[in-house]
Amino acid sequence: QKHKTWYNLKASDIMTSNPVTIDVNELAVNALHLINKHKITQLVCVDNGNYAGLLHFHDLVREGII
């Protein structure tokens, strides 16, 4: 919404510099809590501080957590 066109955007123009993360060993209900608390749709999953993947709100829906 800040940019009129997206043709020349770089990832750094739209990315979050400090994303909300969750450890891969956390319970799914804790992930849902973070998603609701921060009003976001996905979390960066980390394993020992290293990127391990993304968890999207729809993943929780698909698995019946919600």
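What radius of gyration does the chain have, and what would a compact globule of 66 residues have? The chain has 14 Å, whereas a compact globule of 66 residues would have a radius of gyration near 11 Å. Before I go on, please keep in mind that this is a predicted model, and that every value I mention was computed from it.

Let me stay with the overall picture for a moment. Taken along the principal axes, the C-alpha atoms of the chain fill a box of roughly 40 × 25 × 20 Å. As for contacts with a separation of 6 or more, residues 24 or more positions apart account for 22% of them.

The largest nonpolar core has 9 residues, namely Ile22, Ala31, Leu32, Leu34, Ile35, Leu43, Cys45, Leu55 and Leu60. Two elements give two or more residues to this core, α2, which spans 28–38, and β2, which spans 42–47; the largest share, 4 residues, comes from α2.

Ile66 brings us to the surface, where Val61, Ile65 and Ile66 form a nonpolar patch with about 240 Å² of accessible area together. Ile65 is found in the segment after α3, the helix that covers 57–62. Is Ile65 buried, partly exposed or exposed? Ile65 counts as partly exposed, because its relative accessibility is 38%, and partly exposed residues lie between the 20% limit for buried and the 50% limit for exposed.

Finally, let us look at charged side chains in α3. The structure holds 1 salt bridge, and in it Arg62 pairs with Asp59, with the closest N and O atoms 2.8 Å apart. Where do Arg62 and Asp59 stand relative to each other in helix α3? They are 3 residues apart in that helix, so about one helical turn separates Arg62 from Asp59. Arg62 has a relative accessible area of 59%, and therefore Arg62 is exposed.

Key: Residues numbered from 1 in each chain as written. Predicted model: local features only at pLDDT ≥ 70, side-chain atom pairs only at ≥ 80, totals over all residues. Heavy atoms only, no water. Core = buried A, V, L, I, M, F, W, Y, C linked by side-chain atoms within 4.5 Å. Buried < 20%, exposed > 50% of the residue type's maximum accessible area, 1.4 Å probe, protein only. Patch = residues over 30% accessible without salt bridge, like charges linked within 9 Å, V, L, I, M, F, W, Y side chains within 5 Å. Areas by Shrake-Rupley, 256 points an atom, 1.4 Å probe, with all protein chains shown as cover. Salt bridge = Lys/Arg side-chain N within 4 Å of Asp/Glu carboxyl O. Rg over C-alpha atoms; globule rule 2.2 N^0.38 Å. Contact = heavy atoms within 4.5 Å.
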